[in-house]
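Open the model in your viewer and keep the selection tool at hand. Each stop below says what to select and what is there.

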Amino acid sequence: MLPDIDSGPDLDLTRLIFYPLLLLASTLWIFHRWQEQSRFHKMGNLLPGPETVPFFGNALIALGKTNGDLVKYSLKVAAKYGSVVRAWIGSKLVVFLIDAQDIEVILNSQVHIDKAPEYQYFKPWLGEGLLISSGNKWRTHRKMIAPTFHINILKSFISVFNQNSKKVVEKLRSEVGKTFDVHDYMSTATVDILLETAMGITRKAQNESGFDYAMAVMKMCDILHQRHYKFWLRFDAIFKLTSFFKEQKKLLGIIHGLTNKVIKNKKETYLANKSKGFIPPSLDELTRDTADENILANQAKTLSDTVFKGYRDDLDFNDEQDVGEKKRLAFLDLMIESAQNGTNQITDEEIKEEVDTIMFEGHDTTAAGSSFVLCLLGIYHDIQDKVYNELYNIFGDSDRPVNFADTLEMKYLERVILETLRLYPPVPIIARNLNSDVKIETNDYVLPKGTTVVIATYALHRSPKYYKNPDTFDPDNFLPENASSRHYYSYVPFSAGPRSCVGRKYALLKLKILLSTILRNYKCISDVPESEFKLTADIILKRLDGFKLRIVPRERIPLTTV
Ligand code: HEM
């Protein structure tokens, strides 16, 4: 016969002690959460921001608005409420910062480096790559990846930048006399350049997948953006029922198809070389501090080095620790090498995540930046003429490729690029998640733990507090005397601090070579004035109306009107 399991002293004891304790613990936990939530709400509501409605907060503002409408709306809200604006998305607190001092508190911190939960929508695409990861994984990967963008590695890319820029000039010949979208050309060129430089895939080994890849990235960004501002799409269960999910699956097939092929190709080459006895240098050798080779600290300063010196980051530090001519390896070679010889704990899956991250961050940003530069020069012909004359002074009527010394002479073009990134920052906002309360400078406001902080780069760059005529395209904003009198954090197109963009120097060098080559060959004309640009911010800031341009071949003679 079975014992009566419902009786006995042990079970009575459980009923008497365990269940009341469980009830007490649950009550305390609920009370604690309630206290935390009401403190969170109280602190959030001390911040200025638009009226809320029950349950939704400010979430309904996005209903029926296009990306462009939202950009305009955010600027209006900023003008009304000042440099700190809060919004409630349901019970989620989002705080927009537009003051350089407040932005410095967040970006310059070693603590507030975690990305906002909104970045999770990137996960199916970028996994836990550098852009999204945090903690130890981010730190070790950043340490590994940042040196692969050392200035001396970048110098070894110059011939690839030149060849691809020439290729663009050739391709553009078919557009002479027509109106066309220049972003298509910039996008394909930047993918090709990344494949050849960071990924080390020779042009011969590439096929025509660059364009398909760039288009797939553009559509993926649109889907991610929809998930950011249509709050019902934030729930995976709902998202999976929509056509966006099917489309995302198809697009990721194209995107990951390319990156998988790139890694496979590289690994095969590595193993083939290894079997022939050729082993590339290790990461240790690459990053070893060789103080006597410290040539770059005093030399080769560009205007950007001055503009960004206020938030000197690991990129500057690495450049001052020159690693020597023969020991350099580009990004993907280094990833594969350090995984194979065990110098770094990085798995194949992690390499794939980093490749996807670099391919995305490295191409879409520079494609948008260069397209904005060409359209603005197409509108402001006096500024374009000045750029052209500077280039004529450097190159005369020759067709020779650009060398590193030439890029240092392109001071006016550099000001044009910096000013373009001010008015049209390719990454218009940056979002962080706060793991502890933070006091900011404005009114000593305290942002509670759990807040999503949005650095509103686009609005910051157009703030009259830092720029005299903030909406006017004026490259002289970056004359050294003007730049040095501004707060350093009033200009953050590449973010700043420990999580700054690792590709900043790569991007600026590439932009100078690509744009100067195009401008030596063509005059750009835009029939759309700046006031009619229709902006869209689906992750990367672009023009919804397309980057429409006309081009006319240059005669290669100096212009006398400037
Ligand atoms: C004009 C061109 C570019 C602009 C304006 C730009 C801007 C930015 C910004 C604002 C961030 C911070 C994003 C955030 O915190 O949410 C960032 C991060 C990053 N960028 Fe760029 N970027 C550019 C080009 C590049 C290039 C060419 C590469 C690589 C080849 C690159 C690789 C990265 C990576 C890996 C990160 C993540 C860094 C980290 O979190 O440690 N970017 N970029």
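The protein chain has 22 helices and eleven strands. Helices (H or I, at least four residues) and strands (E, at least two) are DSSP runs, numbered from the N terminus. This is a predicted model: local features need pLDDT of at least 70, side-chain atom pairs count only at pLDDT 80 or more, and totals for chains, interfaces and linings use all residues. Residues are numbered from 1 along each chain as its sequence is written.

Start with the whole chain. Of its 562 residues, 42% count as buried. A residue is buried if 20 or more other C-beta atoms lie within 10 Å of its own, exposed if 12 or fewer, and partly exposed in between, with C-beta atoms placed from the backbone. Now take the contacts between residues at least 6 apart in sequence: 80% of them join residues at least 24 apart. Contact here means that the C-beta atoms, placed from the backbone, lie within 7 Å.

**Stop 1: a hairpin**

Select β1, residues 84-89. Six of its six residues are buried, so β1 is largely enclosed by the rest of the structure. V84, R86 and W88 point one way, and V85, A87 and I89 the other. In a regular strand, side chains alternate between the two faces of the sheet.

Strands pair if DSSP finds at least two bridges between them. Look for R86, whose bridge partner in β2 is V95. Two residues lie between the strands of this hairpin, and G90 takes a positive phi near 65°.

**Stop 2: an open sheet**

Select β3, β11 and β8, which form an open sheet in that order with antiparallel pairing. β3 (180-181) and β8 (522-525) stand at the edges with a single partner strand each, so one side of each has no neighbour in the sheet. Four bridges join β8 to β11, residues 548-553. Zoom in on I525: it stands opposite R550 in β11.

**Stop 3: an enclosed helix**

Select α19, residues 411-423. At 1.5 Å a residue, its 13 residues should span 18 Å, and the end C-alpha atoms are 19 Å apart, which agrees. The expected span is 1.5 Å times one less than the number of residues. Twelve of the 13 residues are buried, so α19 is largely enclosed by the rest of the structure. Its buried residues pack against α13 (303-307), α16, α17 (381-395), α20 (457-461) and α22.

**Stop 4: a loop residue**

Select P493, in the loop between α21 and α22. P493 is buried, with 25 other C-beta atoms within 10 Å. Not counting residues up to four places away in sequence, P493 touches L421, R422, P425 and T457. Of these, L421 and R422 are among the buried residues of α19.

**Stop 5: the ligand**

Which residues are closest to the ligand? They are E361, G362, T365, C501 and G503, out of 24 that surround it. A residue is near a molecule if its C-beta atom, placed from the backbone, lies within 6 Å of it. Colour α16 (348-379) and α22 (504-521): each supplies at least two residues of the shell. The largest share, seven residues, comes from α16.

Finish on C501, in the loop between α21 (480-484) and α22. C501 is buried, with 21 other C-beta atoms within 10 Å. Not counting residues up to four places away in sequence, C501 touches F494 and S495.

Technical notes:
Two residues are in contact if their C-beta atoms, placed from the backbone, lie within 7 Å.
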